[in-house]
Amino acid sequence: MNELLTVENVSVRYGALEAVRNVSLSLSGGETLGLVGESGCGKSSLGRAILALEPIAGGRVGFDGCDVHALKGAELKQFRCQAQMVFQDPFGSLNPRLSVGAAIEEVLFVHGLGGGRAGRRERAAALFEDVGLNPDWLRRYPHEFSGGQRQRIGIARALALEPKLLVADEPVSALDVSVQADIVRLLKRLQREYGLAYLFIGHDLAVVREMSDRIDVMFNGEIVEAGSSDQVCDEPQHPYTKKLLSAVPDIDTALSME
């Protein structure tokens, strides 16, 4: 497969703190790369840097042949259509003053997609159906939904621009195990239907393994182990990976309960 995303020796700094240190990775279209590590290891900073939401101190982020951090104006706006983020906190990422339908329609309006107002409403309704929500709920506000439903809304909003890449930053960590399993199944179905590539960021290997074709393990701002999901989880080489494996939750049980 052709590489959609290439990260070459990327570093991210916050003053004297080097949050990400010379990280390299790649991702092909339709593939899921899991990025796993504890809080503070730099994985979210890397995800944001990939989407040009954080500046980089060195290295290069390539997307579909373009240097992401060299893009400006209309080219950067087009990149924003092609690469979207699903956030950890679905409530915090939604404007409480907007109905959830208006939040999706606003994204379409800003990027000049969906046609007129009626077309944007129709697109929002279709996206709600895609993520398993009732389109009749589009006029409701974020506080009227559960955490799992709000995460589905966040996913629908990310899909509105028909991206090639979703950076999913801890998208299930704030949910209980049974709801985590529902969101994992949803993301896998949407990947098949939309042909999406995922950079799936998480802190436990059970969820990341279930989602990912390959896994990179991040520790103290660096990638310390990389391989197929089976290799990393069944034959871990680095002591830190073994530590993560010792704390896996019960998502496998939840996923088996249809």
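**Ground rules.** I note that this is a predicted model, in which local features need pLDDT of at least 70 and side-chain atom pairs count only at pLDDT 80 or more, while totals for chains, interfaces and linings use all residues. Residues are numbered from 1 along each chain as its sequence is written, and side-chain values use heavy atoms, with hydrogens and water left out.

**The whole chain.** I found ten helices and ten strands in the chain; helices (H or I, at least four residues) and strands (E, at least two) are DSSP runs, numbered from the N terminus. For the 258 residues, the radius of gyration is 18 Å, which agrees with the value near 18 Å that a compact globule would have; the radius is taken over C-alpha atoms, and the globule rule is 2.2 Å times the number of residues to the power 0.38. Along the principal axes, the C-alpha atoms fill a box of roughly 55 × 45 × 35 Å.

I then looked up burial, and 49% of the 258 residues count as buried (buried means under 20% relative accessible area, exposed over 50%, partly exposed in between, with a 1.4 Å probe and protein chains only). For contacts (heavy atoms within 4.5 Å), I noted that 68% of those between residues at least 6 apart in sequence join residues at least 24 apart. The chain has 27 positive and 35 negative side chains, and the centres of the two sets lie 7 Å apart; Lys and Arg count as positive and Asp and Glu as negative, with His and the chain ends not counted, and the place of a charge is NZ of Lys, CZ of Arg, CG of Asp or CD of Glu.

**Helix 2.** Which residues of helix 2 are buried? In helix 2 (residues 73–82) I found Phe79, Cys81 and Gln82 buried. They cover an arc of only 150 degrees around the axis, so they sit on the same side of helix 2; the arc is that of the directions from the helix axis to the C-beta atoms. Their cover includes helix 1 (43–50), strand 4 (58–63), strand 6 (83–86) and strand 7 (165–169). Glutamine 82 counts as buried because its relative accessibility is 16%, and, leaving aside neighbours within four places in sequence, it is in contact with Phe63, Pro163, Lys164 and Leu165.

**Back to glutamine 237.** Is glutamine 237 buried or exposed? I read a relative accessible area of 61%, so glutamine 237 is exposed. Beyond its neighbours within four places in sequence, glutamine 237 is in contact with Glu225 and Lys242. Glutamate 225 is twelve residues away along the chain, and the two C-alpha atoms are separated by 7.3 Å.

**Arginine 192.** I placed arginine 192 in helix 6 (residues 177–194), and with a relative accessible area of 63% this residue is exposed. The C-alpha atoms of arginine 192 and glycine 30 are separated by 7.9 Å, although the two are 162 residues apart along the chain.

**Two positive phi values.** I noted that aspartate 64 has phi near 55 degrees, a positive value in a residue other than glycine. Aspartate 64 is in the loop between strand 4 and strand 5 (66–67), and counts as partly exposed at 42% relative accessibility. Glutamate 162 also has a positive phi, near 55 degrees; I found this residue in the loop between helix 5 (147–159) and strand 7, exposed with a relative accessible area of 54%.
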